Amino acid sequence: MFALLLAAALAQAPVVPVEPGPPSPARPPEAAPPAAPPAVLPPATHELFQRIQDRVAQVRIIERRSGTRSSIGSAFFVSAEGHAITNYHVVSDVVLHPEDYTAELVLRRGGDPVPARLVDVDVVHDLAVIRIEAPVAHFFALEDREPPQGTRLYAMGNPHDLGTTIVEGTFNGLIQDSLYERIHFSGAINPGMSGGPTLTGEGRVVGVNVATMGNQLGFLVPMKHARALLARAVAAQDVEPTALLERVRQQLIDNQQLLTERLLEASLPKQPLGSYQVPGRWTPFLKCWGDTPHDPEVPYTVTNYQCSSEEDIYLSSHHRSGVVAYLHQHATSQKLGALRFSALYSALFSQDPDTVEASREDVTNFRCETRFVDVGGLPVRAALCLRAYRRFPGLYDLVLRAATLNASTSGVDTSLTLGGFTAENARRLARRYLEGLSWTK
């Protein structure tokens, strides 16, 4: 509470004596002012926990051959028919390998596991709907109202298989300039709490636990995405596992199309780098950094400028998608001759570029083509490489490497990395990216 400030002017006013006079007539007593309403305090955490704990369950992913758990997460009930919300990444093994994995829920500590069926997924927002066959007595009603920033919230889940847990934190609104919408929750979300609810003191769900960066930095999926997925899941008929895989593919296709249009509609600003101009911060969701290492023993200078989306779409524990990133390296030297600088520059170009995380099970090998191209009068050597997604036909990862060839002791080596685009869209973005290169004599 803020301290009350009392006026001091009356206490400091001069005292003036008053002559006695006739007594004043009696005055009726004044009515007392109305009492201030009591402050509304959030409920005690233990009271909230006792009231809603049976609406939160542990998700167990079971490996069929051994019959044992391979991973755990959390879920919360959202309908009387047994529908529950969780994260896609919690149940991804069931989506990708339904012949090897199944899901079950533990409804209360020490209770028997209940088989759960995967109903629908939203891979872009990392959500899934699962369902048990038995009806449930208590569940959360999903609303679409965000509380004021600073509101006290409560995250629930099953961290590290320790049983249902409740954690206090603070609502800090949507993350600004985010590619995929996330709520910033100042509270601890630990492994195993993924897919659990974060709610207000009144028991209203604000978001779905999805990720953490530690140090009280947690992230939630906004409820509007959970509401949309639940409405579709309730209305849909039973979906075969292969149909879920195709649904994921279509969601990835739709998402990369929106992302491509968003990038192509935006102007590509140019960032000065020595005597060159390179693609700068293309859209607000990209975060950019620059650095020049200083080493007096090295006879050349390499200045780095890089941008990335810092976000991705989880497909599996070893496969990410939906990535946009690029790196520029400006190399120059006043001490190396043209021949030695050419060797240095060739070494920069031959370095393996960063690629999107994926395994041989997920993608093919890269296939590359190298050309010498003219970019507005600037000679450039460019190598464009594509690799295909095995499970999701029509999607590719792209790596573009390019190096300017106009100077003997300076140049820019640049690379663009795209994850999960159609080949046509990846090439369109690569062409626009190359157009961002220029040189000032």
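How many residues sit between β13 and β14 in their hairpin? The legends below start with the whole protein and then come back to that hairpin. Everything shown is a predicted model.

**Figure 1. The whole protein, a predicted model with seven helices and 24 strands.** Of its 441 residues, 47% are buried. Take the contacts between residues at least 6 apart in sequence: 62% of them join residues at least 24 apart.

**Figure 2. The hairpin of β13 and β14, and a neighbour called β24.** Here's the answer to the opening question: two residues lie between the strands of this hairpin. One to look for in the turn is Gly 274, with a positive phi of about 65°. The strands themselves, β13 (residues 270-273) and β14 (residues 276-279), run antiparallel and are joined by four bridges. Leu 273 faces Tyr 276 across the pairing. β14 also pairs with β24 (residues 438-439), again in the antiparallel sense, this time over two bridges. There, Tyr 276 has Trp 439 standing opposite.

**Figure 3. Inside the largest nonpolar core, with its 71 residues.** The members that touch the most others are Leu 105, Leu 118, Ile 130, Leu 398 and Leu 400. Helix α5 (residues 241-265) is the top contributor, giving seven residues. A separate core of 25 residues lies apart from this one and includes Leu 48, Tyr 154, Val 208 and Leu 229. Zoom in on Leu 118 and, beyond its close sequence neighbours (within four places), you'll find contacts with Val 91, Val 94, Val 95, Ala 128, Val 129, Ile 130 and Leu 244. In soluble globular proteins, nonpolar side chains tend to be buried together.

**Figure 4. Helix α5 from end to end.** How far apart are the end C-alpha atoms of α5? They are 37 Å apart, which agrees with the 36 Å that its 25 residues should span at 1.5 Å a residue. An α-helix has 3.6 residues a turn, so residues three or four places apart point the same way.

**Figure 5. Phe 76 meets Phe 140, one of two aromatic pairs in the structure.** The ring centres are 5.9 Å apart and the planes sit at 75°, so this pair is edge-to-face. Phe 76 belongs to strand β2 (residues 68-77), while Phe 140 comes from the loop between β6 (127-131) and β7 (152-157), 64 residues apart. Both phenylalanines are buried.

**Figure 6. Ile 72, in strand β2.** Ile 72 is partly exposed, with a relative accessible area of 26%. Gly 192 is 120 residues apart from Ile 72 in sequence, yet their C-alpha atoms are 5.8 Å apart. Setting aside residues up to four places away, Ile 72 touches Gln 58, Val 59, Arg 60, Asn 158, His 160, Asp 161 and Gly 192.

**Figure 7. Ile 175, in the loop between β8 (165-174) and β9 (183-186).** With 32% relative accessibility, Ile 175 counts as partly exposed. Not counting residues up to four places away in sequence, Ile 175 touches Arg 182, Ile 183, His 184 and Phe 219. Phe 219 is 44 residues apart from Ile 175 along the chain, and 9.0 Å separates their C-alpha atoms.

Methods. Residues are numbered from 1 along each chain as its sequence is written. This is a predicted model: local features need pLDDT of at least 70, side-chain atom pairs count only at pLDDT 80 or more; totals for chains, interfaces and linings use all residues. Side-chain values use heavy atoms; hydrogens and water are left out. Two strands pair if DSSP finds at least two bridges between them. Buried means under 20% relative accessible area, exposed over 50%, partly exposed in between (1.4 Å probe, protein chains only). Contact means heavy atoms within 4.5 Å. A nonpolar core is a set of buried Ala, Val, Leu, Ile, Met, Phe, Trp, Tyr and Cys residues joined through side-chain atoms within 4.5 Å. The expected span of a helix is 1.5 Å times one less than its number of residues. Rings of Phe, Tyr and Trp (its six-membered ring) pair if their centres lie within 6.5 Å; planes under 30 degrees apart count as stacked, over 60 as edge-to-face and the rest as tilted.
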